Amino acid sequence: MALPRLLAYAAVTVVCALTIIEVVLAVIAGDGTASAAYPAHTAAENGTALAIGTALALPSVVLGVVVAVRRPRSVVGPLLVLVGAAAVWVTLGELYTAAFARRPGLPLAEVYAALSQGDWMFLYVPAALLMLVFPDGRLPGRCRRWVAVGLLAVPTLFTLIAAAVTDPYPPPFENTPHLLRPPEAYVPMLLTVGEALLPVFLGLLVTSASAAVIRYRRTADEVGRAQLKWFALGAGFLPLTLLLCWAGYLFFGSADLVVVGLAATAVSIPVATAIAVLRHDLYDVDRAISAAVTYTLVTTILLAFYTVAAFLAGLTAGRDSPIAAAAATAVCAAALAPLRVRLQRRVDRRLYPARQAALTAIEELRDRTYAGEAQPEELEGVLRAALRDPLLRVGYRLPGSPGLVDAAGDPVDAGDAHTAPVRLGGREIGAIVRGRTGSRELLREVAAAGALLVEVVRLRIEVSLALAETEAGRTRLLHAGYEERRRLERDLHDGAQQRLVSLGMAIRLAQRRRGAGADLDALMDEWVAELAAAVTELRRIAHGLRPSSLDDGLGNALAMLASKAPVPVSLDVSADGLSDDVAMTAYFVASEAMTNAVKHAGPVSIGVRVSRTGDLVTVRVSDDGPGGAEVRPGAGLAGLVDRVEAAGGALRLTSPVGGGTRVEAVLPCAL
């Protein structure tokens, strides 16, 4: 097992032992007789001190163990546990003092009385060492190693000096004998050394804090920089204690609110450290820092406004006047309303430049688009330049399309990259696809800011694709018309025309043989037969153009069509009063869909239903075949799509594999 993990487990064991001792001391402090020089503490006060100390230490201890388990070779975990142990030691000292006041005969009184005079320095050592080695757990250079040695040696020397020269101990240890008693001649020198150690220790703390700053400036790795930002965010809660102290004196006349700040700091530092080490990408740390700095500045300015306003109002209406409080609150509210947005922009410019650049770029593109100086399709290029991410993509989601397309209508492959959906009106209209940089929160904010531009581009893509499809449909209909004319010409030439030409030649030949004893009756029979064949051929050709059965209505025509099908057809027609164009389109939709079903699906049965709702006619043809049908260019269903769209309608194909096929056409109509 790695040494740092063993140290973490050892530190946890010590913390648990100290906690048990605290419980025993709390029980002892609630019983016995108090010292005359030291005020007695009630059992409730002792229990409160124990609960507060445990609550402050618990986050550091638990998260320190988690970090030690996940990063067994890093000393960050053990140092986090020691940060919690410092809070436990403070509570232990308070309870031991209270218990000693009740029962002066407690063991180790000489040791505790000696160490408690200068042990306050050790409370800063774990946090200073943590700043020195964060985030990788290694000391950055030989100079920092001497700082680490000094952080251990200076508090030790100071504690020994304080234990040796204090005379007498403060209550309730005033009668406790000294553990260390140096000769009187050395006491002044020791006092001088002790005083000199104070600025030395302060310099060591400043050096530890500056080590994190220097490491951040020298680190080019984005992960390392993000981890240091998280640590700075947690340590940034320390100024909160000053603001709460100010607010406490302003509103309540005491500094009791500072306890809330200390509790928040005790939680924020271990939480931020654990997130930095284990999940640095959990949240956009730049956004969190920017928001924290903004609200800290807003709170500071608000308190300053309130202080000045309350002072000025109190000069006229009295210090405790409700009118003065109301006037001060109104002034603060009026001053704060326009202030936060401006502060947020200024702070973003310094601490969150990516967000500020992206939002500014979107706003400028929107303004230039409205002025006619730019195109909304430039959004992708603008965001790439603002976020410095050449691989960023902007995708648009079209109705009926499963994936994303770019501004040119080409598919966008997001792959494994994170995508931030763009929503407008509760529906997804596109997505921002991350390339190399950009946090998820930033992409979501950019997606929300650019929603209107994305919607404009998406609608323009839809219109362009619809126009292109319409033009392609017109071209296909034109070619289909040409093919139909050629077919008619060929059928007429090879069929009815040949019969009529032959009939004319036969009549001319009979005319020339009129006096040669020709059998005119037989010739007339042949001519009538030829005419009948020509008429039949012409009817067949005409039937391909418009079925004559439509003369008796769409229902009759579909009934005749169903009677000729090789499989049972269930027919339900409830649409009357249709124009000839709509009826003929509906007939060809049913005919082509039934033909495709019989030819390709081999169904057991086919269902045809024609219904009318208002000004819309729906033609639905379904079968129980194997499904899997598709609209392929040049196939019969593609021709149906063109025919239906030319009539102003829409055709939908539903054909899941193994679930049959349904062709549904919706056509506009009028009485």
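Select Arg-423 and Glu-428 first: Arg-423 stands opposite Glu-428 in β5. The model is a predicted one, in which local features need pLDDT of at least 70, side-chain atom pairs count only at pLDDT 80 or more, and totals for chains, interfaces and linings use all residues. Residues are numbered from 1 along each chain as its sequence is written, and side-chain values use heavy atoms, with hydrogens and water left out.

Helices (H or I, at least four residues) and strands (E, at least two) are DSSP runs, numbered from the N terminus; two strands pair if DSSP finds at least two bridges between them.

**The antiparallel sheet**

Contact here means heavy atoms within 4.5 Å. Axes are lines fitted to C-alpha atoms, for helices over the stretch in contact, and angles run from 0 to 180 degrees between N-to-C directions.

Of its 7 residues, 5 are buried, so β5 is largely enclosed by the rest of the structure. Buried means under 20% relative accessible area, exposed over 50%, and partly exposed in between (1.4 Å probe, protein chains only).

Which residues stand opposite Gly-430 of β5? Tyr-396 has Gly-430 as its bridge partner in β5, and Val-422 stands opposite Gly-430 as well. The strands themselves run antiparallel: 4 bridges join β1 (residues 393-397) to β5, and 6 bridges join β4 (residues 419-424) to β5. In the hairpin of β4 and β5, with 2 residues between the strands, select Gly-425, which takes a positive phi near 65°.

Return to Tyr-396, whose bridge partner in β2 is Val-405. Strands β1 and β2 (residues 404-405) pair in the antiparallel sense over 2 bridges.

**The mixed sheet**

Select β6, β7, β8, β10 and β9, an open sheet of 5 strands in that order, with mixed pairing. Strands β6 (569-574) and β9 (650-654) stand at the edges with a single partner strand each, so one side of each is left without a neighbour in the sheet. On average, neighbouring strands of this sheet are turned by 10° against each other, direction ignored.

Within this sheet, zoom to β7 (residues 606-613) and β8 (residues 616-623), which run antiparallel and are joined by 8 bridges. Val-610 stands opposite Val-619 in β8.

Then display the helices. Helix α20 (residues 554-563) lies across β6 and β7 and runs at about 175° to β6. Helix α21 (residues 580-601) lies across β6, β7, β8 and β10 (661-668), at about 10° to β8.

**A last selection**

Finally, select Val-111, which lies in helix α4 (residues 109-115). Is Val-111 buried or partly exposed? Val-111 is partly exposed, with a relative accessible area of 33%.
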